[in-house]
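Look at the structure below before reading on. This report takes it one topic at a time, from the overall fold to single residues.

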Amino acid sequence: MKPREFDDLVRQKFDQDDFAYNPANWDKLAEQLDGRGKKRNIFVWWMPLVGMAASVAFAIGVPKVLQESSRSYKSMYAMLSGSNTPADNTDHAQISEPAVVAVVQHNDRRAAPTPAPEDVSHWFNIRLDNAITTPKSTRAKKTQADVNALWMAAGTQVQAERYMDNDAEQSNAKKKKVVAAKAGYYTFNDKETERKPVKTAIMLSGGVNYGGASTGYLVGASARHMVTDKVYVEGDLAFLGTSNSQQTQYLETVPQQAHAIMRNSTARTINAKNTTTDAKPTSTPLTQNYVKTESESYNLYYAQITPSLGYKLVKRMSIGVGPDFQQMLVDNRPAPSDVERGTLKEVPMFDIGFMGKTEYAVTRNIKAAVYYREGINNVITPTGKYIDRNYVQFQVKCAIFNK
Amino acid sequence: MPTYTEQDIIAGCRKNNRAVQEHLYKVYYCVFLKVCARYAKSMQDAEQLLNDGFLKVFTQIDKFSNTGSFEGWMKKVMVNTCLDYLRSNYLKEEMTMHVNAMPIEESNLSVSNEGLESIEFRELLTIIQGLPSMTRTVFNLFVFEGFNHKEISEQLDISEGTSHWHVHQARNMLQKKIKKTEQQKVTYEAKRI
């Protein structure tokens, strides 16, 4: 018998007989079909809306952080260079405290531009009116508070430069991505793509934050459960550490007798002219003004809980949205001013925010995520006294449990 | 059983009409269970594959463009379901084998017409299910689906020579097993007498 004949006979054999219909198999299939239909009815109509909302939040949030950073930086620079007086800044319009210049420097050691002596002196001349009549102790406290106000107003200040630097890094990263898509680099093979989809996963996460009063790092864990093929719920628990430092430059007025001692100190002389407009100017002794610098570093630590609802846009990319709760663990905040200032803001101990995220599955077990977080403390308690911390967070998650 | 035209069935399935879906399932149950049974290792696996295939048919029916045969489209879905199942479970281990196998010239087989005709359909199915996964898959694609060796090599990511080798191997193995089954039958009949 020729092979073709053999094949024909085998085919014919298969046409000769039939299997009996088994209704139990249809019942199983009907159950599967019913399950799919119900889940779709529940989720399908509103989940895309949540996805779109998260995307919009992310798209609006990132430029806002950059814009605010840039604006704060510019206003600080303008103030220091003498083109604007502090009175231009509404936060400081009510401040009667003299002779305070605050320069906020973040922990990236990128120093704010140092003002030229003559420029700064111009501003000091205006602000020195009440300098002599104010007790030194009060002045020192207010100096600190003033710095706080400036620092808080500055928000994400110096990060603008960092973002500019990051542009170059990001463009490099894009180039790397293009390279990574070429043959020879990691790609999903058939076996991986055909694996059973993960229903529940526990992941360890780590990352960095960039933003107002929030530049630092985080480590934590998250658990995810796929509710449907597309929709998942996730809970993140993380420890967040932010490292901040601030430099305060203030003008100290000392009697002429102490001039010799102060000359040997590291302080820099700005203006030697007495510009007071006190009621008894003639009785005021001749004084010497010095700019002194105080540096203070402090760290804020938070426990962060972020429940979220996610939607898988495509095979590897998903977006999510949810509330964000942060409890400060150690209160290291600089001491607030003891003088009433309506515009002075502080970082809240319990911080509530809104989070939008985008995740990309690099491999089955590794995910890269970008979060945008916006504080909503002033929305919940409309006192306006809190700093609403907003930041962009880059995270890498590694699955330790997939089922 | 209510009568439906093919267009009624397609429209009903698109509307997720359970009665129409059940009707379609009943009509094609035997046809496609045979297809799945040839690729699967057991009847239990075959029934599962059949349901997976029908699930794809019902959920992806919008992809059917109404231009070709509906039955042909469904059969394609079923065969692809079977291939996906085999790729993920069995074929990977066997794919690296015989990569350099050369095409084998077809030669006459020693099996007789009588031997093949006397064997039952269920017995033949069991013999085919007993073939190695890759050999069984290539044989099914070549003999039942009408694929040529080039198409098989593209589907399964093997060389054409390997595809030839598997078909040849399948015929030889079937031939031996059919002979063995025949002998067992004769022995059994002799004992009865």
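Among contacts in chain A between residues at least 6 apart in sequence, 73% join residues at least 24 apart. This is a predicted model. Its chain A contains 9 helices and 10 strands. Of the 403 residues in chain A, 43% are buried. The chain exposes about 20,900 Å². Carbon and sulfur atoms supply 58% of that area.

**Confidence**

The model scores ipTM 0.82 and pTM 0.41. Chain A averages a pLDDT of 66, and 43% of its residues score at least 70. For chain B the average is 83, with 82% of the residues at 70 or above.

| Stretch | pLDDT | Contacts beyond four places in sequence |
|---|---|---|
| Residues 83–142, chain A | under 50 | 124 contacts |
| Residues 176–189, chain A | under 50 | 13 contacts |
| Residues 99–103, chain B | under 50 | 8 contacts |

How should such stretches be read? Where pLDDT is low, the predicted coordinates should not be taken in detail.

**Cavities**

Rolling a probe the size of a water molecule over the atoms shows where empty space is left. A search of the whole structure finds 4 cavities of 30 Å³ or more. The largest cavity has a volume of about 90 Å³. It is lined by 19 residues, and the closest to its centre are D236(A), Q304(A), Y371(A), Q393(A) and Q395(A).

Which strands of chain A supply at least two residues each to this lining? They are β3 (216–226), β4 (231–255), β6 (287–312), β9 (366–375) and β10 (390–402). By class, the lining has 8 nonpolar, 7 polar and 4 charged residues.

**Two residues with a positive phi**

Most residues other than glycine have a negative phi. N66(B) is not a glycine, yet its phi is positive, about 65°. N66(B) sits in the loop between α3 (43–59) and α4 (70–95) of chain B.

D157(B) is not a glycine either, and its phi is positive at about 60°. D157(B) is found in the loop between α8 (149–156) and α9 (160–192) of chain B. The relative accessible area of D157(B) is 64%, so this residue is exposed.

**A buried tyrosine**

Now turn to a helix. Y29(B) lies in α2 (residues 18–39) of chain B. Is Y29(B) buried or exposed? Y29(B) counts as buried because its relative accessibility is 1%, and buried means under 20%.

What does Y29(B) touch, leaving out residues up to four places away in sequence? In chain A, the partners are A20(A), Y21(A), N22(A) and N25(A). In chain B, they are E47(B) and L50(B). So far as distance goes, Y29(B) and N51(B) are 22 residues apart in sequence. In space they are 9.6 Å apart, C-alpha to C-alpha.

Note on methods:
Residues numbered from 1 in each chain as written. Chains lettered and ligands numbered in written order. Predicted model: local features only at pLDDT ≥ 70, side-chain atom pairs only at ≥ 80, totals over all residues. Heavy atoms only, no water. Helix = DSSP H or I, 4+ residues; strand = E, 2+ residues; numbered from the N terminus. Buried < 20%, exposed > 50% of the residue type's maximum accessible area, 1.4 Å probe, protein only. Contact = heavy atoms within 4.5 Å. Areas by Shrake-Rupley, 256 points an atom, 1.4 Å probe, with all protein chains shown as cover. pLDDT = per-residue confidence, 0-100. 1 Å grid on protein atoms, 1.4 Å probe; cavity = no way out; pocket = protein on both sides within 12 Å on 5 of 7 lines; lining within 4 Å. Points joined across faces, edges and corners; volume = space filled by probe spheres on them. Nonpolar A, V, L, I, M, F, W, Y, C, P; charged D, E, K, R; others polar.
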